[in-house]
Amino acid sequence: TKYALVGKIDSHEGGNLALELRKGAQLIGTGTLLLFSPECGSSRSLRHYVKQSSRAVISSLLSLVRAYEDGSAQGNPNDGNNVGAQKTGAVWSACDGLRLKLPKGNRAAMRRELMIWVRDCNESIEEFDEMLALGPRDDDDDEEEEEQFSESEMK
């Protein structure tokens, strides 16, 4: 598994791995910065998805490095400590999200955002339809509890 590869690294290979992780993080950060430059022509939707995916990768990577740095990621066999495996899986999952789920251009990003808005609107319409199907509220029970005010008191 991916965790087995990361978890069994000695100190010399750990230095190389740290350099590779830093290089990957720098590439993701640089790519994100380039997409945010005005000359690139990225839409607001695309920038949103790129920023979201990039942050997920960098955040999970930082969490993994911190877990190995403070020793919480490594435990003895069969002690139930699977923090390292969870953190490694989170990094791989975030990278897969960046690689596979990120829209490939402005048009795809805008389409995705529009479809999310349409879905939210449809859900709201369904909720309103359910409320309308229930009919008017029965106010007979509430009259006893509410204080009655005259029109002059309401003004």
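Ser42 lies in the loop between helix H2 (11–36) and helix H3 (44–70), where helices are DSSP runs of H or I with at least four residues, strands are DSSP runs of E with at least two, and both are numbered from the N terminus. This is a predicted model, in which local features need pLDDT of at least 70 and side-chain atom pairs count only at pLDDT 80 or more, while totals for chains, interfaces and linings use all residues. Residues are numbered from 1 along each chain as its sequence is written, and side-chain values use heavy atoms, with hydrogens and water left out. The protein has seven helices and zero strands.

**Confidence**

- The mean pLDDT of the protein is 83, and 79% of the residues score at least 70; pLDDT is the predictor's confidence in each residue, from 0 to 100.
- Confidence is highest in helix H5 (residues 106–134), with a mean of 93, and lowest in helix H6 (residues 140–145), with a mean of 55.
- Where pLDDT is low, the predicted coordinates should not be read in detail.

**Overall organisation**

- Along the sequence, the pattern reads α-α-α-α-α-α-α.
- Of the 155 residues in the protein, 17% are buried; buried means under 20% relative accessible area, exposed means over 50%, and partly exposed lies in between (1.4 Å probe, protein chains only).
- Among contacts with a separation of 6 or more, 65% join residues 24 or more positions apart; a contact means heavy atoms within 4.5 Å.

- Ser42 counts as buried because its relative accessibility is 10%.
- The side chain of Ser42 reaches the backbone oxygen of Leu35 at 3.0 Å. This is a polar contact, that is, a pair of N or O atoms within 3.5 Å; within protein, one atom must be able to donate a hydrogen and the other to accept it, and residues adjacent in sequence count only if both atoms are side-chain atoms.
- Not counting residues up to four places away in sequence, Ser42 touches Leu35, Arg47 and Asn106.
- Ser45 belongs to helix H3 and counts as buried, at 6% relative accessibility.
- With neighbours within four places in sequence left aside, Ser45 is in contact with Ala109, Met110 and Glu113.

- The 27 residues of H3 should span 39 Å at 1.5 Å a residue, and the end C-alpha atoms of H3 are 38 Å apart, which agrees; the expected span is 1.5 Å times one less than the number of residues.
- The buried residues of H3 include Ser45, Tyr49, Val57 and Ser60.
- Gly71 follows H3 and has a positive phi, near 85°.
- H5 has 29 residues and reaches 43 Å from its first C-alpha to its last, close to the expected 42 Å.
- Gly135 follows H5, and its phi is positive, near 85°.

- The 19 residues of H4 should span 27 Å, and the end C-alpha atoms of H4 are 26 Å apart, which agrees.
- In H4, the buried residues are Gly84, Thr88, Val91, Ala94 and Gly97.
- Ala94 has a relative accessible area of 13% and is therefore buried.
- Ala94 touches Ala56, Val57 and Ser60, not counting residues up to four places away in sequence.
- The C-alpha atoms of Ala94 and Ser60 are 7.3 Å apart, although these residues are 34 positions apart in sequence.
- Gly89 is in helix H4 (residues 83–101) and is partly exposed, with a relative accessible area of 37%.
- Gly89 and Ser60 are 29 residues apart in sequence, with 9.2 Å between their C-alpha atoms.
- Gln74 is in the loop between H3 and H4 and is partly exposed, at a relative accessible area of 45%.
- Gln74 and Gly84 are 10 residues apart in sequence and 6.2 Å apart from C-alpha to C-alpha.

**Aromatic rings**

- The charged end of Arg47 sits over the ring of Phe36, 5.9 Å from its centre; the criterion is NZ of Lys or CZ of Arg within 6 Å of the ring centre and within 35 degrees of the ring normal.
- The charged end of Arg112 sits over the ring of Tyr49, 5.2 Å from its centre.
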